[in-house]
Amino acid sequence: MVTAARNGDVHSMLFLAKAFDSGLNLGKARKQSYGQAMHWYEKAVEDGVEKRYLIIARMAEIMLMEDSGFKDPNKAGELYSEAAEAAMEEMCGKMANKYYGLSEEAWAMLEE
């Protein structure tokens with residue numbers, strides 16, 4: 001699976017990202033890693049995954065998690081805003097509104 005992902009297979013990239021994100025389907029040699037999950041999510045978005053707004057929004061969620069090691073409300077706000085724009089491109093207005101709202105919430109955390 002890793003070889004296929006490294007060779008540009010988007011479905012393999014998503015499989016690995018979700019596996020590292022959740023800790024499931026990793027076997028005994030690997031452990032949950034938000035760093036690896038973020039890496040594969042980013043690669044999938046770069047390579048043109050379908051419904052990329054969902055992946056970008058998940059990356060934003062990880063950026064808001066205390067235990068992820070990536071806590072950064074500003075970057076999360078930027079990612080949610082990017083997810084909203086991607087959702088608008090795919091004619092998903094309700095999702096875009098949701099993500100714009102979440103971006104404002106993330107940026108509000110900076111003021112606290």
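The model is a predicted one. Its largest nonpolar core contains 38 residues, and helix α4 contributes the most to this core, with 9 residues.

**The nonpolar core**

- Trp40, Tyr41, Val49, Ile55, Met59 and Tyr99 are the residues with the most contacts inside the largest nonpolar core.
- At least two residues of this core come from each of the helices α1 (2–6), α2 (10–22), α3 (34–46), α4 (52–64), α5 (73–89) and α6 (93–111).
- In soluble globular proteins, nonpolar side chains tend to be buried together.
- Leaving aside residues up to four places away in sequence, Tyr99 touches Tyr53, Leu54, Ala57, Tyr80, Ala83 and Ala84.

**Helix α3**

- Helix α3 consists of 13 residues and spans 18 Å from its first C-alpha to its last, which is close to the 18 Å expected at 1.5 Å a residue.
- Its buried residues are Tyr34, Ala37, Met38, Trp40, Tyr41, Ala44 and Val45.
- Helices α1, α2 and α4 are among the elements that cover these buried residues of α3.
- Just after α3, Gly48 adopts a positive phi of about 85°.

**Ser103 in helix α6**

- Ser103 lies in helix α6.
- Ser103 counts as buried because its relative accessible area is 2%, and the cut-off for buried is under 20%.
- The side chain of Ser103 reaches the backbone oxygen of Tyr100 at 2.6 Å.
- Not counting residues up to four places away in sequence, Ser103 is in contact with Gly77, Tyr80 and Ser81.

Conventions: Residues are numbered from 1 along each chain as its sequence is written. This is a predicted model: local features need pLDDT of at least 70, side-chain atom pairs count only at pLDDT 80 or more; totals for chains, interfaces and linings use all residues. Side-chain values use heavy atoms; hydrogens and water are left out. A nonpolar core is a set of buried Ala, Val, Leu, Ile, Met, Phe, Trp, Tyr and Cys residues joined through side-chain atoms within 4.5 Å. Buried means under 20% relative accessible area, exposed over 50%, partly exposed in between (1.4 Å probe, protein chains only). Helices (H or I, at least four residues) and strands (E, at least two) are DSSP runs, numbered from the N terminus. Contact means heavy atoms within 4.5 Å. A polar contact is a pair of N or O atoms within 3.5 Å; within protein, one must be able to donate a hydrogen and the other to accept it, and residues adjacent in sequence count only if both atoms are side-chain atoms. The expected span of a helix is 1.5 Å times one less than its number of residues.
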